Amino acid sequence: MENFIVFNGNIKFSPDERFIAAIGVFDGVHTGHRKIIEAAAALARAHSCRVLALSFSPHPRALLRPDHRPELLISECERCRQLLAAGADLCGFINFTSEAAALAPEAFLEKLRDHAPVDICGITVGKNWRFGRNGSGDRHTLEKFCAANNWHLTTVQELELDGRTVSSTAIRAAISAGFLPLAIKMLGRNITLDGVVVHGYQIAGSKLAAPTANLEVAYGVLPPDGVYSGRCRIDGTFYPAAVNIGVAPTFGNQQRRTEIHLLDYSGSLYGRELTVELNKFLRPERCFASPDELKVQIAADIAAIRKEFGR
């Protein structure tokens with residue numbers, strides 16, 4: 001199997017360095033994921049190693065259950081950035097092909113041992129992590145393999161917050177249901193939506209005096225329709241934002257869109273990649289009697305956001 005592990009960009013490391021591999025899907029790099037990276041870093045320090053965060057590309061469920069592929073919380077590039085910020089020294093991806101999915105658990109571990117481009121001398125994973133064909137490998141498989149190969153091993157208990165297990169699946173469900181404070185607490189940071197600015201309805205600027213950037217979301221889970229406070233970083237500067245998710249019913253539209261009005265920003269954003277952070281829910285989307293009535297409400301939304309951000 002070629003390129004069992006791949007790296008984004010030009011990665012430099014010494015052939016003499018040894019690594020503890022922290023392994024997981026790591027979508028969102030939430031508080032539970034960061035606990036795994038922290039445990040890997042502690043194990044690496046104890047044995048004079050470095051930390052390699054190993055994720056999967058594509059997401060295993062996208063290959064195994066393409067009709068139930070998850071909405072990814074963040075892009076692979078952002079995943080690497082977050083993993084490095086959490087304490088990993090190197091970030092790579094297991095090339096999750098049909099051939100990789102068919103590997104028996106022991107064969108999967110042998111690939112890590114024999115075909116990784118770095119010298120792996122230990123593993124850190126969640127205690128309930130399953131791997132190999134049909135998820136048949138578990139921590140007992142890991143313990144046996146690591147003992148036979150003189151590898152170090154740490155398994156990390158799943159993190160719980162308010163009686164709930166922290167997971168990417170739980171975060172997606174919380175966002176979809178509108179439980180933003182819970183999702184933010186599990187993530188350990190604000191919810192983000194990533195995408196490209198495309199042409200929209202062309203009504204917000206002309207009729208509502210509040211021009212918007214229409215974001216075609218590529219990564220992130222949309223919360224219920226409504227207006228949210230948030231912020232965007234443009235050319236290194238953060239701008240508070242009013243984020244409307246919905247169909248703009250006042251104008252009889254049908255297609256669900258994510259429209260962002262940046263406070264105190266002027267300029268065209270068409271074609272640009274944009275990341276918006278969602279802070280909190282302001283109000284539900286509703287149909288107003290007239291554009292003028294909606295315009296008054298938008299002014300009130302913007303005033304509330306200015307107050308929130310001290311602007």
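Visitor: Which residues is Leu274 in contact with, leaving aside its neighbours within four places in sequence?

Guide: Leu274 is in contact with Leu193, Asp194, Gly195, Val197, Leu215, Cys232, Ile234, Ile260 and Leu269. Contact means heavy atoms within 4.5 Å. This is a predicted model: local features need pLDDT of at least 70, side-chain atom pairs count only at pLDDT 80 or more, and totals for chains, interfaces and linings use all residues. Residues are numbered from 1 along each chain as its sequence is written, and side-chain values use heavy atoms, with hydrogens and water left out.

Visitor: What makes Gly195 buried?

Guide: Its relative accessible area is 7%. Buried means under 20%, exposed over 50%, and partly exposed in between, with a 1.4 Å probe and protein chains only. Therefore Gly195 counts as buried. Gly195 lies in strand E9, residues 191–198. Strands (E, at least two residues) and helices (H or I, at least four) are DSSP runs, numbered from the N terminus.

Visitor: What does Gly195 touch, not counting residues up to four places away in sequence?

Guide: Gly195 touches Leu215, Glu216, Val217, Ala218, Arg272, Glu273 and Leu274.

Visitor: Which strands close into a barrel, and in what order?

Guide: The order is E9-E10-E13-E12-E11-E14, 6 strands with antiparallel pairing. The twist averages 45 degrees from one strand to the next. Axes are lines fitted to C-alpha atoms, for helices over the stretch in contact, and angles run from 0 to 180 degrees between N-to-C directions.

Visitor: How do you know that E10 and E13 pair?

Guide: Two strands pair if DSSP finds at least two bridges between them. Strand E10 (residues 213–219) and strand E13 (residues 257–262) have 3 bridges, in the antiparallel sense. So the pair meets the rule. In E13, Ile260 is the bridge partner of Ala213.

Visitor: Which strands does helix H10 lie across?

Guide: Helix H10 (residues 291–309) lies across E11, E12, E13 and E14. It runs at about 100 degrees to E14.

Visitor: What makes a nonpolar core, and how many residues has the largest?

Guide: A core is a set of buried Ala, Val, Leu, Ile, Met, Phe, Trp, Tyr and Cys residues joined through side-chain atoms within 4.5 Å. The largest has 31 residues. Those with the most contacts inside it are Ile191, Val243, Ile260, Leu262 and Leu274. H8 gives the most to this core, with 6 residues. A second, separate core of 28 residues includes Ile5, Phe56, Ile120 and Trp129.

Visitor: Why is the pair of Phe56 and Phe96 called edge-to-face?

Guide: Rings of Phe, Tyr and Trp (its six-membered ring) pair if their centres lie within 6.5 Å; planes under 30 degrees apart count as stacked, over 60 as edge-to-face and the rest as tilted. Here the centres are 5.8 Å apart and the planes stand at 80 degrees, so the pair is edge-to-face. Phe56 and Phe96 are buried.

Visitor: What makes the pair of Phe108 and Phe131 tilted?

Guide: The centres are 5.7 Å apart, with 45 degrees between the planes. Phe108 lies in helix H5 and Phe131 in the loop between strand E5 and helix H6, so the pair ties together parts 23 residues apart in sequence. Phe108 counts as buried at 4% relative accessibility.

Visitor: How do you know that Arg231 lies over the face of Phe238?

Guide: A charge sits over a ring if NZ of Lys or CZ of Arg is within 6 Å of the ring centre and within 35 degrees of the ring normal. Arg231 lies over the face of Phe238, at 3.6 Å from the ring centre.
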